[in-house]
Amino acid sequence: MYKNRWNLDSLFENGSYSISFANYLDEIEKNIEQVKELLSNWPSSFTEERHPLFITTIESTSKIAVKVEQAHSFVGCLQAQDTTDYQANLLKSKVTTLDSSFAKVVLKLENLFSFIDEDEWQKLLKMPELCELSFILNEMRDSAKEKLTVDKEQLIQELSVNGYVGWEQLYDLLVAAVQIPYHDGSEVHMLSVGQAATKMSDANRVIRRHVFENWEQAWEKQKEMFAETLNRIAGFRLSVYKERGWENPLKEPLALNRMKQETLDVMWQVIAENKQPLVKYLKQKAKVLGLNKLSWYDLEAPLGQADSVMTYDEGAQFIIKHVDQFGPRLTQFTKDAFENQWIEAEDRSNKAPGGFCTGFPESQESRIFMTYSGTASNVSTLAHELGHAFHTDVMKDVHPLNSDYAMNVAETASTFAEMIVGDAALKQAENETERLALLDDKLQRSVAMLMNIHARYIFETSFYEERKQGYVSSEKLSQLMVAAQKEAYGDSLDEYHASFWASKLHFYITDVPFYNFPYTFGFLFSLGIYAHAIYEGSSFEEKYIALLKDTGSMTVEDLAKKHLAVDLTKPDFWEKAVKMATEDVEEFIKLTKDKG
């Protein structure tokens, strides 16, 4: 039997009161000061005798980056497992301060890179110790040229701790206090946001509607606080962009994802032009459920074996069984993750909503967070997060500076793992009822990636244009949200989720702006990879690992060209991927033609 609670003590004992973690933070602070000292003695030129200093600085900076990520991950896990752990919130503030201090060091280093003579720079990059880091070092050097003076950029980092990032932390506190009343027929229970979210996929529509209505009311009560928080985060971001001379709010997220605007535009264009099959699926699902149109709370309504659930142990065995058909390394890793208690899946109060995977690079481990209630969607989520963890695992042999892969390619690995499990389950369905349930779950994911995420992107794009003109009211935010959902879903729903802008954590994340399109990119990109895996079988695993290892050291366009021989700036790849994402609609309609 696998335990459904993770083990954090193997990383730092005694949780938020860990003495070893407190000492670890002190060590990070000392290391940052040491690098500051190195930079204060930075030479005006880099002749050959100064090369060792350059290498030492790079390696020291790399080690701090690993430690800061380790610290962030630990605190994030503490906060997620218990939203009432206020000591963890204090630790979060300290880690954020350290992160800001380290970011200022990196800014200084990038700036110093930009002043190195071009000939000297090329000589440095050709050194055996640095040649593998040429992409990252060039990226850092070019980044300095896009920003303000180092003093101004460091000031921005300093102010962000109590400003920009402070608003994000306020959002976390607000969400922790949100409770959704749920009447089970005999008494009223106050559910956390995470617990209430699982009710949205209940087989009983009365329950789904009841929870959704109370959900909307709960966020509505605090809408002014959420509107204030979102406006301040966006306002801070736009002020910084204006000072840097950046007119396009997508400039930063595109750079972070190592992706061209051209690629993003053609991806959304292809999606917008090819949604009809998904609209058809939604209409058919409504018919099966005896409805004229689906409402927002019907999107995840289960079909087929709606009442059957898998225990956590059964879900684990199910995933292990199916990834085994792909390759031995992924299979062994998956077993280890369950056996070593890397996964927090217990359904209990005071947990944060949603799911995530976070890496501990110094320990070379990961931790996965979710709330598991036994649905097919839960199993898919678990496979998804294990995909993230596997991606992190294969990067162990890569230099730390080359292991910092972007969110869009991170979502590729997770979605790929999800597909392996989902498709294998479909092929082995024992009867038509089971097949329908699995097919519906698979199409729900396509709707989420091509419609839900599209709505988030449309909303944020519209919101930032409005925010440039001034404060955006809570009423206007709700209007923008509903308009975005109607456009993204082809106006195929009866009721929409007006408060989605308040309840979705992703809009409030400060370190990754536009925390939306990378999901869709990763989903469709992984379909292209999956097509290769199906064709080549288990022999593809080594090629897949090679692709993952390159994700931190090249643009996505170059990654696709090298490993898949495709051009992401052209519609061809995206058209094939969208077709794969919607190809199950006709079978779904065939299986349900006599239902409803």
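Is Gln341 buried, partly exposed or exposed? Gln341 counts as partly exposed, at 22% relative accessibility. On this scale, buried means under 20% relative accessible area, exposed means over 50%, and partly exposed is in between (1.4 Å probe, protein chains only). The areas themselves come from the Shrake-Rupley method with a 1.4 Å probe, and for residues only the protein chains shown count as cover.

Before you dig in, keep in mind that this is a predicted model, where local features need pLDDT of at least 70, side-chain atom pairs count only at pLDDT 80 or more, and totals for chains, interfaces and linings use all residues. Residues are numbered from 1 along each chain as its sequence is written, and side-chain values use heavy atoms, with hydrogens and water left out.

**Two residues with positive phi**

- Let's stay with Gln341 for a moment: its phi is near 55°, a positive value in a residue other than glycine.
- You'll find Gln341 in the loop between α15 (328-339) and β3 (343-344). Those labels are DSSP runs numbered from the N terminus: helices are H or I with at least four residues, and strands are E with at least two.
- Asp491 also has a positive phi, about 50°, although it is not a glycine.
- Asp491 sits in the loop between α19 (474-488) and α20 (500-503), and it counts as partly exposed at 40% relative accessibility.
- Why point these out? Most residues other than glycine have a negative phi.

**Salt bridges**

- Side chains of opposite charge can pair when their charged atoms come close.
- The structure holds 36 salt bridges, each being a side-chain nitrogen of Lys or Arg within 4 Å of a carboxyl oxygen of Asp or Glu.
- Take Glu139 and Arg258, which form one with their closest N and O atoms 2.8 Å apart. This pair links distant parts of the chain, 119 residues apart: Glu139 is in helix α5 (residues 134-145), and Arg258 is in the loop between α11 (251-256) and α12.
- Glu139 is partly exposed, with a relative accessible area of 28%, while Arg258 is buried at 11%.
- Next come Asp298 and Arg205, again a salt bridge, with the closest N and O atoms 2.8 Å apart.
- Arg445 counts as buried at 14% relative accessibility, and Glu418 counts as buried at 9%.
- There's also a network: Arg5, Glu344, Glu346, Arg348 and Lys351 are joined by salt bridges that share partners.

**A negative patch on the surface**

- Glu262, Asp265, Glu273, Asp567, Asp572 and Glu575 gather in a patch of negative charge on the surface.
- Two or more residues of the patch come from each of α12 (261-273) and α24 (571-582), and α12 gives the most, with three residues.
- Glu273 belongs to helix α12 and is exposed, with a relative accessible area of 56%.
- Patches are made of residues with over 30% relative accessible area and no salt bridge: like charges are joined within 9 Å, and nonpolar side chains (Val, Leu, Ile, Met, Phe, Trp, Tyr) within 5 Å.
- For charge, Lys and Arg count as positive and Asp and Glu as negative, while His and the chain ends are not counted. The place of a charge is taken as NZ of Lys, CZ of Arg, CG of Asp or CD of Glu.

- Ser101 lies in helix α3 (residues 86-114) and is buried, with a relative accessible area of 16%.
- Not counting residues up to four places away in sequence, Ser101 touches Ile32 and Lys36; contact means heavy atoms within 4.5 Å.
- Ala424 is found in helix α17 and counts as buried at 8% relative accessibility.
- Leaving aside neighbours within four places in sequence, Ala424 is in contact with His322, Gln325 and Met419.
- The C-alpha atoms of Ala424 and Val323 are separated by 8.4 Å, and the two residues are 101 residues apart along the chain.
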